[in-house]
Amino acid sequence: MVFWQILIDGFAISSLYALGATGFALIFGVSGVLNLSHGALMVAAVVAAWAAGNDLHAGPYAGAALGVAVGFCATMVTYFAIVAPLQNSRKIREEEKEIFILTATLLWGIMIQQLIAFFYTDNAKTVAPIVAGVIRITGVRTPANEIFTAIVCWLVIGLLWLLVNRTRAGKAVLAASMNPRGVTLLGIELSQIYIAVWAIYGVLVGVAGVLLGMFLGVSSYSVGPLTASAFSIVVLGGLGSVSGALIAAYVVGYLETITAYLISPAYRTIPALLLLIVVMYIRPRGLLGRR
Amino acid sequence: MNKLIKHGVSAPTFMALTASAALVALAFATPASAQSNEPIKIGVIAEATAVAGSSIPQAAQLAADEINAAGGVDGRKIEIVSYDNHSSAPESVRAFQRAVNEDHVNAVIASYISEVVLALQPWTGRLKTVMVTPGAASDVITQNIAKDYDHLKYTFHGYATSTSIADATCAAAKDLLVGQLHMQSAVVMSEDAAWTTPLDEEYVKCLPGIGIKVLDHIRFSPDTTDFTPIFNKIEGEKPNVILTGISHVGVQPTVQWKQQEVPIPMFGVSSQATNSSFWNDTNGATEGVLYQGFSGPDVAVTPKTLPFVTAFKAKYGNNPSYCGYTAYDEVYYLADAIKRAGSTDSDKLVDALEKTDYVGTVGRVQFKGKDSPNPHALKIGEGTITGLMLQWQNGKQVNLWPLNVANGKLKFPPFIKVGSAN
C-alpha cells in the first residue's frame with residue numbers, strides 16, 4: 001500500500017519538477033543564463049491564475065490560460081528588460097556578464113515577490129483544479145488532478161522534444177546549445193535563437209506554475225525554494241543538460257517522497273540536498289553534464 | 001565640582017558640560033500646556049502583507065479615528081504610527097527601537113507571531129515601553145513576565161495563550177464532537193512553532209478528559225508544501241477527527257485535504273480560516289472546516305462586535321481578521337488606561353492596564369494579576385472571554401458554539417464520513 005502510494009505521489013511531484021527544471025536547463029544550455037527569478041515567474045503565473053478565478057470570475061480553463069499567459073509575458077519581460085540589455089552591454093566586460101545577469105535576475109525575482117506580497121498578500125494561493133474528484137489506483141485514493149498534472153507535464157515535455165528534434169528552428173536551438181559560434185558561422189542570428197528559447201521557457205514556466213498552483217499551491221514565500229529546487233535539480237542533472245535535468249527531477253522527487261513517507265515529512269528535502277553534495281564531490285559536472 | 005576637577009576634568013570643559021546639560025534639560029522641559037495638546041502616539045508593528053496581520057494597523061487606525069472623533073483622550077488625539085515587520089523578528093526589533101527612540105511612541109501594539117513578540121519582550125523592559133500583542137499565543141510570553149516581573153511588566157498579552165485556546169477548543173469539542181457526533185478518537189496535527197508547543201500539550205491533556213482518545217500527535221515543519229504523506233499517515237490511524245494547530249500554514253493543507261478527499265473532519269485552531277478571504281484563497285476547499293475563534297463576522301459576542309465589523313467593512317472593504325478585533329480593543333483600553341493614569345508614563349500605564357475592566361469586541365477584557373503563573377494574560381472563561389467554534393459553510397463563517405450565540409448547525413461535505421471510523 002505504502003509502496004503504491006510512494007510510486008504514484010512520487011511520479012506526480014517528479015513530473016512537475018521535471019517540467020519546471022527543463023526550461024531552466026534549456027536557457028542555461030543555450031544562452032548560459034542562470035535565471036534566479038525562475039521561482040518568482042512561476043509564482044506570478046499562479047497568482048494570475050488565482051486572481052483570474054477570484055477577481056474576474058473566470059472559469060478554470062480561462063484562469064489557467066491567463067496564468068500561462070502571464071507566466072509567458074513575465075518571462076519575456078525578464079529577457080528583454082533584464083537579461084538582454086546586460087548581454088548586449090558594451091560597458092560590462094564579457095567575463096563579468098554572467099555574474100551581472102545572476103545578480104540582476106535575483107533582484108528582479110525579489111522585486112516580483114515583493115510586488116505580489118504587496119498586492120495579493122503573502123498567504124498561499126491555489127488555482128482551482130480543472131479536474132476535481134478522486135480515482136482509486138490499486139487501492140490508493142488519488143486526486144484526479146494529480147494524474148492530470150503528470151499527463152500535462154509529459155505532453156509538454158514530449159512537445160518540446162518534438163520541437164527540438166524534428167523542426168528546423170528546434171535543431172538550430174539544439175545546435176546553439178552545443179556550439180554557439182558554429183551556429184553563427186552557419187548564418188543563423190544568435191539573438192533570434194535566444195528569443196526563441198526564452199519564449200519556449202516562458203511557456204514552460206507558465207504551465208509548470210499553474211500546475212503547481214493546482215497541485216500544491218504557492219505563496220510569495222515559495223519564490224526562493226522554487227528557484228533553489230530548480231537550481232539543485234539542474235546542477236544534479238548536469239548544468240545545461242535537459243535529459244540530465246529530467247532524470248535528476250525524478251531522483252529528487254522520489255527521494256523526497258520516500259523520505260516524507262518512510263522517515264518524516266519534516267525531513268523531506270534533506271536527503272536530496274545531501275545527495276547533491278555527494279554528487280558535487282564525486283562528479284562535479286552532474287549526472288549527464290558536458291562541462 | 002571640586003571632586004570632578006580633581007578627577008581630571010578641566011574647569012572650561014566642566015563649564016561647557018554644564019552648559020550643554022542645561023540646554024538638554026531645557027529642550028526636554030516642554031511647557032505643560034504644549035504637553036497636553038500633543039497627540040498620544042501608539043506604534044503598531046505588524047505583518048502588514050499577511051492576511052491576518054494586515055487587519056492590525058487597519059483596526060487600530062479605525063479605533064483611533066473613532067476616539068479622535070469623540071474628542072480624543074482628555075483633548076489629546078491618538079496617532080497611530082505603523083511599521084511593517086515583514087513577519088521578521090529582527091525587523092520588528094529595529095521597528096520597536098525606532099518607534100521608541102525616534103518616533104517617541106507612548107505604547108506599542110505588536111504582531112500575531114509569538115516568535116516576534118518574544119524577541120520584542122526584552123526590549124519592552126530595556127526601553128520601558130508598554131507593548132500589547134493582539135494575536136501571539138505562546139504561553140512563554142506571560143511565563144517570562146512571572147520570572148522577571150520588574151523588568152518585563154511592560155508586556156501585556158492581549159490575546160489568549162495557547163493553553164487557554166486549547167481549553168476553549170476542548171470545551172467546544174465536548175459539546176459538538178462528543179455530545180452531538182459521539183466521537184471517541186483524534187489525531188493532533190500541528191505546525192512546529194513556539195505557540196503550538198503549549199497548545200499540543202494541553203490538547204493531549206484535556207481531550208481524554210472529555211472522552212476523546214489521542215491516537216497520535218504529528219508536528220510538521222511550517223515550510224511543508226505537500227501534505228499528502230501527513231494525511232495518509234493520519235488516515236491509516238483511523239481517528240474520528242483531526243485536531244489542528246495551524247496558523248503559518250492554512251491554505252495548502254486545507255486545499256489538499258479537499259483534493260485528496262480525506263474523510264476525516266478538521267477541528268481546532270486554523271488561524272487563516274478566520275479570514276473572510278479564506279474561501280477565495282482555497283477556492284472553496286474550506287467547506288466544512290471547523291475552527292476556534294474569539295470572533296466571527298455575524299456573531300454578536302458583545303454589543304460592540306457587530307458595529308465594529310460594519311465600520312471596518314465600510315472603511316476597508318473586507319472583514320477584520322482575528323487580530324483585527326483585539327487590536328481595535330487594545331487601542332480603546334490603552335486610551336482608557338492613559339486616561340485613568342492621567343499620564344503616558346510607562347510605569348503608571350502598567351498600573352492602570354493591570355486594573356483594566358473593559359468590554360470590547362471579543363468579550364470582557366481583564367488581565368491576570370502579578371501573582372498568577374501567567375501575569376498579564378487575558379482571563380478566559382465564562383464571565384470574561386469564552387471563545388467560539390465556527391465552521392465554513394457555503395462561503396460563510398457560521399458560528400456553532402457556544403449554543404447561545406450559535407447561528408447554524410454542523411454540516412460536512414459529502415467526502416467526510418462522520419462516525420464511520422472506529
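Strands are DSSP runs of E, at least two residues long, numbered from the N terminus. In this predicted model, one such strand of chain B is β14, spanning residues 396–401. Pro402(B) is found in the segment after β14. A cis peptide bond joins Pro402(B) to Trp401(B). The omega angle of this bond is about -5 degrees.

Two residues other than glycine show a positive phi. One is Glu261(B), with phi near 50 degrees. Glu261(B) lies in a loop of chain B, between α12 (251–259) and β9 (266–270). Its C-beta has 16 others within 10 Å, so Glu261(B) is partly exposed. In chain A, Thr121(A) has phi near 60 degrees, again positive in a residue other than glycine. Thr121(A) sits in the loop between α4 and β1 (134–137) of chain A. Burial requires 20 or more C-beta neighbours within 10 Å. Thr121(A) has 22 inside that distance and therefore counts as buried.

Asp351(B) was also examined. Helix α16 of chain B, residues 346–354, contains Asp351(B). With 14 other C-beta atoms within 10 Å, Asp351(B) is partly exposed. Ala341(B) is 10 residues away from Asp351(B) in sequence. The C-alpha atoms of the two residues are 7.8 Å apart.

The overall fold of chain A was considered next. Chain A has 11 helices and 2 strands. From the N terminus, the order of elements is α-α-α-α-β-β-α-α-α-α-α-α-α. The radius of gyration of chain A is 19 Å. A compact globule of 291 residues would have a value near 19 Å, so chain A agrees with that expectation. Along the principal axes, the C-alpha atoms of chain A fill a box of roughly 60 × 50 × 35 Å. Of the 291 residues, 51% count as buried. Among contacts in chain A with a separation of 6 or more, 75% link residues 24 or more positions apart.

Chain A also touches chain B. The contact takes 25 residues from chain A and 24 residues from chain B. On the side of chain A, five elements each supply at least two residues: α1 (2–31), α2 (38–54), α4 (97–120), β2 (140–143) and α10 (242–263). Helix α1(A) gives the most, with 3 residues. By residue class, the side of chain A that touches chain B divides into 13 nonpolar, 8 polar and 4 charged residues.

Conventions:
Residues are numbered from 1 along each chain as its sequence is written. Chains are lettered from A and ligands numbered from 1 in the order in which they are written. This is a predicted model: local features need pLDDT of at least 70, side-chain atom pairs count only at pLDDT 80 or more; totals for chains, interfaces and linings use all residues. Helices (H or I, at least four residues) and strands (E, at least two) are DSSP runs, numbered from the N terminus. The radius of gyration is taken over C-alpha atoms; the globule rule is 2.2 Å times the number of residues to the power 0.38. A residue is buried if 20 or more other C-beta atoms lie within 10 Å of its own, exposed if 12 or fewer, and partly exposed in between; C-beta atoms are placed from the backbone. Two residues are in contact if their C-beta atoms, placed from the backbone, lie within 7 Å. Ala, Val, Leu, Ile, Met, Phe, Trp, Tyr, Cys and Pro count as nonpolar, Asp, Glu, Lys and Arg as charged, and the others, Gly among them, as polar.
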